[in-house]
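Visitor: I have a new structure open and would like to learn how to read it. Could you take me through it feature by feature?

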Amino acid sequence: MLQVAVGAKVEARNVYTAIFAAAALLEQGRVAESLTLAKKWLAGLPEPSPFSAYFHLELRTLVVEGLLRLGRTDLAAGEAEKMDQTDEESLFTILARGTVALAQGQQTGAAGHYDAALACFKDVSMRCGQTPLTLNLTALAHLGLGQLAEAQKCLTDALAVRADDPDTTANLAAIMAQLGKPPQEHKTYLLQATEMQGAWAAAYKDTTDRLDQAMAGFRAA
């Protein structure tokens, strides 16, 4: 599907193939390729209309996420502004606005960015219910504001929605450590996260494997 999407003609009937392919590339960590594909389609599609606005917003959401992964918060903010111009009330737009504000808060430490992110995530939750994604994002915003108890509650609620989410479990372990909970409690959550399938667990395993190799080399020397 990826090769088909890359070579496909930019037209409305092929747009879902492009969206799925760009999302798949992003999930695989092939951020530059995902951005190239999404931007190619955004440039080739007609200007947003009531019919095509949804496609533009989905593609631009992937661009925002890709840019944030590359640490280009400035460019991601520009893309979120374009989404605002297309449809400021869309859930895609509100979520993008929130994730950009969260990244800006993490970069600058400014409480105003975290407050803006919280407002966006709460808006999304009110419209479509609480999900592990919005609850984790809300928890990160609370964490940025130093509201550890609120962050813990969000993550506990997220586990109630989906008990096998590795990101939630890992985030909860980190929060509990900061709250000064007994080591056994947060280590239990961390162990659970590493045993689950997902990007976080894979990254954690890769990091620990490389650390073990480095330590083995150090001992051998």
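Visitor: How do helix H8 and helix H9 pack, and at what angle?

Guide: This is a predicted model, in which local features need pLDDT of at least 70, side-chain atom pairs count only at pLDDT 80 or more, and totals for chains, interfaces and linings use all residues. Residues are numbered from 1 along each chain as its sequence is written, and side-chain values use heavy atoms, with hydrogens and water left out. Helices are DSSP runs of H or I with at least four residues, strands are runs of E with at least two, and both are numbered from the N terminus. An axis is a line fitted to C-alpha atoms, for helices over the stretch in contact, and angles run from 0 to 180 degrees between N-to-C directions. Here, H8 (residues 132-144) and H9 (residues 148-161) have axes 8 Å apart and pack at about 170 degrees.

Visitor: What do we call that arrangement of H8 and H9?

Guide: Angles under 35 degrees count as roughly parallel, over 145 as roughly antiparallel, 65 to 115 as roughly perpendicular and the rest as oblique. So H8 is roughly antiparallel to H9. Contact means heavy atoms within 4.5 Å. Among the residues that meet are Leu135, Ala139 and His142 from H8, with Ala151, Cys154 and Leu155 from H9.

Visitor: How many helices and strands does the chain have?

Guide: You'll find 12 helices and 0 strands.

Visitor: Now H2 and H4: at roughly what angle do their axes cross?

Guide: Roughly 15 degrees, and the axes come within 10 Å. H2 and H4 are therefore roughly parallel to each other. Handedness is another thing to read: a crossing is left-handed if the near helix is turned anticlockwise from the far one by less than a right angle, and right-handed if clockwise. H2 passes H4 in a left-handed crossing. Residues meeting there include Val15 and Ile19 in H2, and Phe55 and Leu59 in H4.

Visitor: And how do H4 and H5 cross?

Guide: Their axes come within 8 Å and cross at roughly 165 degrees, so H4 and H5 are roughly antiparallel to each other. This crossing is left-handed too.

Visitor: Which residues have the most contacts inside the largest nonpolar core?

Guide: Buried means under 20% relative accessible area, exposed over 50%, and partly exposed in between (1.4 Å probe, protein chains only). A nonpolar core is a set of buried Ala, Val, Leu, Ile, Met, Phe, Trp, Tyr and Cys residues joined through side-chain atoms within 4.5 Å. The largest one has 27 residues, and Val15, Leu37, Trp41, Leu59, Val63, Val64 and Val100 have the most contacts inside it. H2, H3, H4, H5 and H6 each supply at least two residues of this core. Apart from this core lies another, of 10 residues, including Ala139 and Cys154.

Visitor: Is Phe121 buried or exposed?

Guide: Phe121 counts as buried because its relative accessible area is 0%. You'll find Phe121 in helix H7 (residues 111-128). Leaving out residues up to four places away in sequence, Phe121 touches Leu95, Gly98, Thr99, Leu102, Thr134, Leu137 and Thr138.

Visitor: Last one: how many disulfides are there?

Guide: A disulfide is a covalent bond between the sulfur atoms of two cysteines. The rule here asks for a pair of cysteine sulfur atoms within 2.5 Å, and the count comes to 0. As for the cysteines, Cys154 is buried at 10% relative accessibility, while Cys128 is partly exposed at 43%.
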